[in-house]
Amino acid sequence: MGKDRLWRRLMELGTVGAQSGGGVTRFSFTAEERWAKDLVIGYMKKAGLAVREDAAGNVIGRREGGDPSAPVVMTGSHLDTVPQGGKFDGALGVLAAIEALQQMNEAGVATRHPIEVAVFTDEEGARFGFGMLGSRAMAGTLRAEDLTAHRDEHGLTIAQAMTQAGLDPARIGEAARRPGEIRAYVELHIEQATVLERHNLPVGVVSGIAGPLWLQFRLRGEAGHAGATPMCGRRDPLAAAARILTHIYDETRNFPNAVATVGKIHAFPGGINVIPGEVAFTLDVRDIDEAARNALESRLLSRAEEICGAHGIDLEVAELQRVAPAPCAPELMAAIEQACRKLGHAPLVLPSGAGHDGMQLVRLCPIGMIFVRSRNGISHSPEEWTSPEDCFAGASVLYHTLLALAEGRA
Ligand code: HGY
Ligand code: MN
Ligand code: MN
């Protein structure tokens, strides 16, 4: 395995969309993401892969197997990022997969199954508030309205952004793969939490992926003069929002595996001496247990309605995305554990709090995930970091897992 080549490519890719604050921003269907895809297509060609782009903008590099009728062993990840994200989230899974296949080609390794590396479009959902677009298209779970219901900060829909990027949104259905066409999907990803670090382990075996629910809250009250309007009688949506947010953080503590995050909040019109007329904020709620997540959701919504009723505020809650938690396949976990042991790593099993494309592909095939250690558990930040040694350890586990699957031994 080419540790230096993998690291060099990671750092080179990390310059695409680099921001002055040290983070990386590559939103879907932007010049930065296109640049990143073109760079990775160059790596795929150097690795000897046949490269194509599907109707959703997914980039797919393919290594043929000996049996053309054998289902595909798929791996990959994403190149788009959150705003001011890190160099490893998504990028490591793509580059390690390319490195694994390049090693197989350079070593003349023959496998029965073909292997594909997929670069999924818009996994993060950072631009439109709707994620996993490419893997939904591949899994056939995308609805036509998904391409027009969500807009970016400039008011562009996903369909319009696709058209600007040279894609035809009307043909996105062509990206869907047939059930049975894919044998398994295995993704390498940074852990983005501290479990591996606390156990002093470089790699881990993922047991399942928590399901994200994204809601958009919109509270409408009455704008007014900050100085001339007495406190009593105001219909200030921010006063109601403050109570709702406090309840969100307090109530979530009653659900041991749940997390809740308000990542975006805006007061309109946004004047220092203006009582806001409207407040909008997003809520990201997750749990590995869907029933627990749904119970938390209903408690938060009913309390929000009570608070807004008491403040004379109109409340509107829109669902942006609701993804079910996804279990990893035991047989793939076993294959990953075997690869870990082969390389001398204790195979710690852990859940993923973060969402991944496998949550969509689980409708097509069994999924597995390999984690590598994240320094201080930090991700979605310029501070995101995984050491070269751990990146290489993860890539080696991926290599042996893909080989076992593609040779039909797992
Ligand atoms: O939001 C997530 O969990 C992932 O980073 N898309
Ligand atoms: Mn991410
Ligand atoms: Mn990711």
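Predicted model: local features only at pLDDT ≥ 70, side-chain atom pairs only at ≥ 80, totals over all residues.
Residues are numbered from 1 along each chain as written, chains are lettered from A and ligands numbered from 1 in written order. Local features need pLDDT of at least 70, side-chain atom pairs count only at pLDDT 80 or more, totals for chains, interfaces and linings use all residues, and side-chain values use heavy atoms, with hydrogens and water left out.

**View 1. Who sits around ligand 1.** The shell is made up of E123, E124, R286, A354, G355 and H380, each with a heavy atom within 4 Å of the ligand. Sorted by type, that's one nonpolar, two polar and three charged residues.

View 2. The side chain of R286 puts an N or O atom 2.5 Å from a ligand oxygen. G355 uses a backbone N or O atom instead, 2.7 Å from an oxygen of ligand 1. On ligand 1, a nitrogen has a polar side-chain atom of E124 at 3.0 Å. Alone, ligand 1 would expose 220 Å², and the protein buries 91% of that (Shrake-Rupley method, 1.4 Å probe).

**View 3. The manganese ion (ligand 2).** D89 (OD), E124 (OE) and H380 (NE2) coordinate this ion at 2.1 Å; donors are N, O and S atoms within 2.8 Å of the metal (3.2 Å for Na, K and Ca), and with water not among the atoms, the site may look incomplete. D89 also coordinates the manganese ion (ligand 3), 3.4 Å from ligand 2.

**View 4. D89 and H380.** D89 is buried at 5% relative accessible area (buried is under 20%, exposed over 50%, partly exposed in between), while H380 is partly exposed at 41%.

How values were computed:
Polar contact = N/O pair within 3.5 Å; in protein donor to acceptor, adjacent residues only side chain to side chain. Nonpolar A, V, L, I, M, F, W, Y, C, P; charged D, E, K, R; others polar. Buried < 20%, exposed > 50% of the residue type's maximum accessible area, 1.4 Å probe, protein only.
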